[in-house]
Amino acid sequence: MQLVVGRVGRAHGIKGEVTVEVRTDEPELRLGPGAVLATEPAQAGPLRIETGRVHSGRLLLRFEGVRDRTGAELLRNVLLIAEVDPEELPEDPEEFYDHQLMDLDVVLADGTEVGRITEISHLPSQDLFIVERPDGSEVMIPFVEEIVTEIDLEEQRAVIDPPPGLIDDRAEIASGRDADPSGESTTGEDAATGGDTATGRDGG
């Protein structure tokens, strides 16, 4: 399975380094030296990471064959895509990759159907499930332990205990996509490959 793990940003300096918007919770694994990444658009890659370092809180990468600022600027906005085993799980049992959560049925504890997860938004404060209701409307459900009480990958369902107003007639409908889905990693992202973010119920 191919998943988006980063987006190339601005060139840094004059020796070919680029800033990278990280879209994985495991950058040391996905974006380490020696990793070979596919790209979107495809003609920009594949790219092999030569060096990586953190500077002022930003990840800086240099790719093999990119030796100057001009070459680095040509890669701006290119998506970096890693090949990931679909059965692979994050190290933390309370975290899940976005692709594992997509299309899960969302139900109440008594089995009442709420909808289906169609998107995951990664906001600075918390992660949100975008859930499509049976009537076609959409509702945002915070992925926090107090609300999402169980993720059952075997049964392909997420059990929730929503507070009053979250999923009834007063629920906040995400029809206008008010939430910014870009976040730390993403889901759906800018390519059909999706994001590699590990989503956790602790709000981070």
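Mentor: Let us begin with a definition: two strands are said to pair if DSSP finds at least two bridges between them. The model before us is predicted. In this model, strand β8 (residues 105–108) and strand β9 (residues 113–122) pair in the antiparallel sense over three bridges. Within that pairing, Gly 115 of β9 is the bridge partner of Val 106.

Trainee: In what order do the strands of the open sheet lie?

Mentor: The order is β11-β10-β9-β8-β13-β12, six strands with mixed pairing. The edge strands, β11 (138–142) and β12 (148–152), each pair on one side only. On average, neighbouring strands of this sheet are turned by 35° against each other, direction ignored.

Trainee: Let us turn to β1. Which strands stand opposite Gly 6?

Mentor: Gly 6 faces Leu 80 in β6 and Val 22 in β2. Strand β6 (residues 79–83) runs antiparallel to β1, and five bridges join them. The pairing of β1 with strand β2 (residues 17–22) is likewise antiparallel, over five bridges.

Trainee: How many residues lie between β1 and β2 in their hairpin?

Mentor: Four residues lie between them, and Gly 13 in the turn has a positive phi of about 75°.

Trainee: Why is β1 described as largely enclosed by the rest of the structure?

Mentor: A residue counts as buried when its relative accessible area is under 20%. Eight of the 11 residues of strand β1 (residues 2–12) are buried, so the strand is largely enclosed by the rest of the structure.

Notes. Residues are numbered from 1 along each chain as its sequence is written. This is a predicted model: local features need pLDDT of at least 70, side-chain atom pairs count only at pLDDT 80 or more; totals for chains, interfaces and linings use all residues. Side-chain values use heavy atoms; hydrogens and water are left out. Buried means under 20% relative accessible area, exposed over 50%, partly exposed in between (1.4 Å probe, protein chains only). Helices (H or I, at least four residues) and strands (E, at least two) are DSSP runs, numbered from the N terminus. Axes are lines fitted to C-alpha atoms, for helices over the stretch in contact, and angles run from 0 to 180 degrees between N-to-C directions.
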